[in-house]
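Hi everyone, thanks for coming.

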Amino acid sequence: MSGSDDGFSDASAPSPHFHGHRDRLRQRFREAGHEALQDYELLELLLFAPIKRADTKPIAKALIARFGSFAEVLAAPPARLKEVRGVGDRVVDELKLARAVAERFLRAPLRERKVLSSWSSVIDYVRAAMAYADREEFRILFLDKKNALIADEVQQRGTIDHTPVYPREVMKRALELSASAIILVHNHPSGDPTPSRADIQMTNQIAEIAKPLGIALHDHIIVGRDGHVSFRGLQLL
């Protein structure tokens, strides 16, 4: 059941059992940082802004129970989020804003450094952006001759277990951007990042087309909730 725009915005004044709770939680965050808070408590903090006059703890706990973790709550589709009582448009906006901020923050090092020399930053970013998506996405990182990021683009979005990828379209875009190298990235919503036969075949096709054009395929990364795999690391490239 979907809640009102700001959760329980028509609720009466806070009852004594959570009076002052917001101040105490904020104080813990200030003094000890986010590591001192459980997932639902960090969600509570996010919900303070869109939900002004109600206890946010039950909503935060319900979100974690429904989706499993803080990251999965942020990645959940708006329609599914609104199935949780007390979650309306303002709550969804706040959660999606938090996810956007996290992705922008993690992408910043890729803009400022050579991608291959900041590989952990690449993994952190693509996992944050894609690991918890409920549909497959195919992303390409386009690099210049110094392996600096030119562009980061989602080329295709598919179903829960398939994304159509057209190797010649990938190369066409690389040429348009004057890219010297590319890194392929896609997600497995099942959680298991193990490459399928189709993943391997598609990667080989792209590598074969790229080579005579002077475009290097540095890697193909598959991410999922259970981790990530690198084709280069698996010696599939």
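Let me start with a question: how close do the axes of α2 and α3 come, and at roughly what angle do they cross? They come within 8 Å, and the crossing is at roughly 125°. That makes α2 oblique to α3. As for the handedness, α2 passes α3 in a right-handed crossing. On the α2 side, the contact is made by D39, Y40, L43, E44 and L47. On the α3 side, the partners are K57, I59, A60, K61, L63 and I64. If you sort the residues of this α2 and α3 contact by class, you get seven nonpolar, no polar and four charged.

Before going further, please keep in mind that this is a predicted model. The chain has 237 residues, and 45% of them count as buried. There are nine helices and five strands in the chain. Reading from the N terminus, the order is α-α-α-α-α-α-α-β-β-α-β-α-β-β.

Now, back to α3 for a moment. Helix α3 covers residues 57-67, and its buried residues are I59, A60, L63, I64 and F67. They sit on the same side of α3, because they cover an arc of only 135° around the axis. The general rule behind such a pattern is that an α-helix has 3.6 residues a turn, so residues three or four places apart point the same way. Have a look at the residue just after α3 as well: G68 has a positive phi of about 110°.

Let's move to the other neighbour of α2. Helix α1 is residues 21-32 and helix α2 is residues 39-47. Their axes are 11 Å apart, and the helices pack at an angle of about 115°. α1 and α2 are therefore roughly perpendicular to each other. Here the crossing is left-handed. Which residues meet in this pair? From α1 we have H21, L25, R26, R28 and F29, and from α2 we have E41, L42, E44 and L45. The contact of α1 with α2 divides into four nonpolar, one polar and four charged residues.

Helix α8 (residues 167-176) and helix α9 (residues 197-210) have axes that come within 9 Å and cross at roughly 45°. α8 and α9 are therefore oblique to each other. Their crossing is right-handed. α8 brings P167, R168, V170 and M171 to the contact, while α9 brings Q205, I206, I209 and A210. By class, the contact of α8 with α9 has six nonpolar residues, one polar and one charged.

Next, a few single residues, for anyone who likes to check backbone torsions. S178 has a phi near 55°, a positive value in a residue other than glycine. You'll find S178 in the loop between α8 and β3. Is S178 buried or exposed? Its relative accessible area is 57%, so S178 is exposed. Q235 has a positive phi too, near 60°, and is again a residue other than glycine. Q235 lies in the segment after β5. With a relative accessible area of 71%, Q235 is exposed.

L234 is also in the segment after β5. At 44% relative accessibility, L234 counts as partly exposed. Which residues does L234 touch, leaving aside its neighbours within four places in sequence? The answer is P195 and V229. L234 and P195 are 39 residues apart in sequence, and their C-alpha atoms are 9.9 Å apart in space.

My last stop is R157, in strand β2, which spans residues 149-157. R157 counts as exposed, at 57% relative accessibility. From R157 to H186 the separation is 29 residues in sequence and 9.7 Å in space, C-alpha to C-alpha.

Conventions:
Residues numbered from 1 in each chain as written. Predicted model: local features only at pLDDT ≥ 70, side-chain atom pairs only at ≥ 80, totals over all residues. Heavy atoms only, no water. Axes fitted to C-alpha atoms, helices over the stretch in contact; angles between N-to-C directions. Helix = DSSP H or I, 4+ residues; strand = E, 2+ residues; numbered from the N terminus. Parallel < 35°, antiparallel > 145°, perpendicular 65-115°, else oblique. Left-handed = near helix turned anticlockwise from the far one by under 90°. Contact = heavy atoms within 4.5 Å. Nonpolar A, V, L, I, M, F, W, Y, C, P; charged D, E, K, R; others polar. Buried < 20%, exposed > 50% of the residue type's maximum accessible area, 1.4 Å probe, protein only. Arc of directions from axis to C-beta.
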